[in-house]
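Q: I am new to this structure and would like to learn how to read it. Can we take it one feature at a time?

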Amino acid sequence: MIKRILFLLVILPPGAFAQQVNKTPEPSSQLDTLRAQGYEALYNLDYDGARRRFTEVAQLFPDHPAGPQAIAATVWLQQLNQSWRLKASLYNNEAYSGNKE
């Protein structure tokens, strides 16, 4: 039994028993935080705020596809929203209201 314990102590690295406390956030948590903030801004129609967050993602994580994809989605949704706002006048007249009075 003692031989097994000694064997495990020799095989396992000394840091395996110590609790590691990181003061800096892990890259994946920072990525997730920025993405969540960006998508929250996007859902609230804050396109500039979303684009800032997603640009930061693209700069901090250049090899991760989330930044460029989210920037493209922001541009696409902004264009889509603006085009539908222009088309809203098509449905804002009496011909579509169903009221023939």
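A: Start with the order of the elements. Along the sequence, the protein reads α-α-α-α. Keep in mind that this is a predicted model.

Q: How many helices and strands does the protein have?
A: There are four helices and zero strands.

Q: What share of the residues is buried?
A: Of 101 residues, 17% count as buried. The accessible surface is about 8,500 Å². Carbon and sulfur atoms hold 58% of that surface.

Q: What share of the contacts joins residues at least 24 apart?
A: Take contacts between residues at least 6 apart in sequence. Of these, 43% join residues at least 24 apart.

Q: Which residues of α3 are buried?
A: They are Tyr-47, Gly-49, Ala-50, Phe-54 and Val-57. These residues cover an arc of only 165 degrees around the axis, so they sit on the same side of α3. Arg-52 and Gln-59, on the other side of α3, are exposed.

Q: Why do residues three or four places apart point the same way?
A: An α-helix has 3.6 residues a turn, so such residues point the same way.

Q: Where is there a salt bridge?
A: First the general idea. Side chains of opposite charge can pair when their charged atoms come close. Here, the side chains of Arg-51 and Asp-48 form a salt bridge, at 3.5 Å from N to O. The count comes to one salt bridge. Both residues lie in helix α3, three residues apart, which is about one turn of the helix.

Q: How accessible are Arg-51 and Asp-48?
A: Arg-51 is partly exposed, with a relative accessible area of 24%. Asp-48 is also partly exposed, at 49%.

Q: Is Thr-74 buried or exposed?
A: Buried means under 20% relative accessible area. Thr-74 has 0%, so it is buried. Thr-74 is found in helix α4, residues 66–87.

Q: Which residues does Thr-74 contact, leaving aside neighbours within four places in sequence?
A: Thr-74 is in contact with Leu-42, Tyr-47, Ala-50, Arg-51 and Phe-54. Among them, Tyr-47, Ala-50 and Phe-54 are buried residues of α3.

Q: Which residues make the nonpolar surface patch?
A: Trp-76, Leu-80 and Trp-84 make a patch of about 350 Å². Trp-84 lies in helix α4. At 47% relative accessibility, Trp-84 counts as partly exposed.

How values were computed: Residues numbered from 1 in each chain as written. Predicted model: local features only at pLDDT ≥ 70, side-chain atom pairs only at ≥ 80, totals over all residues. Heavy atoms only, no water. Helix = DSSP H or I, 4+ residues; strand = E, 2+ residues; numbered from the N terminus. Buried < 20%, exposed > 50% of the residue type's maximum accessible area, 1.4 Å probe, protein only. Contact = heavy atoms within 4.5 Å. Areas by Shrake-Rupley, 256 points an atom, 1.4 Å probe, with all protein chains shown as cover. Patch = residues over 30% accessible without salt bridge, like charges linked within 9 Å, V, L, I, M, F, W, Y side chains within 5 Å. Salt bridge = Lys/Arg side-chain N within 4 Å of Asp/Glu carboxyl O. Arc of directions from axis to C-beta.
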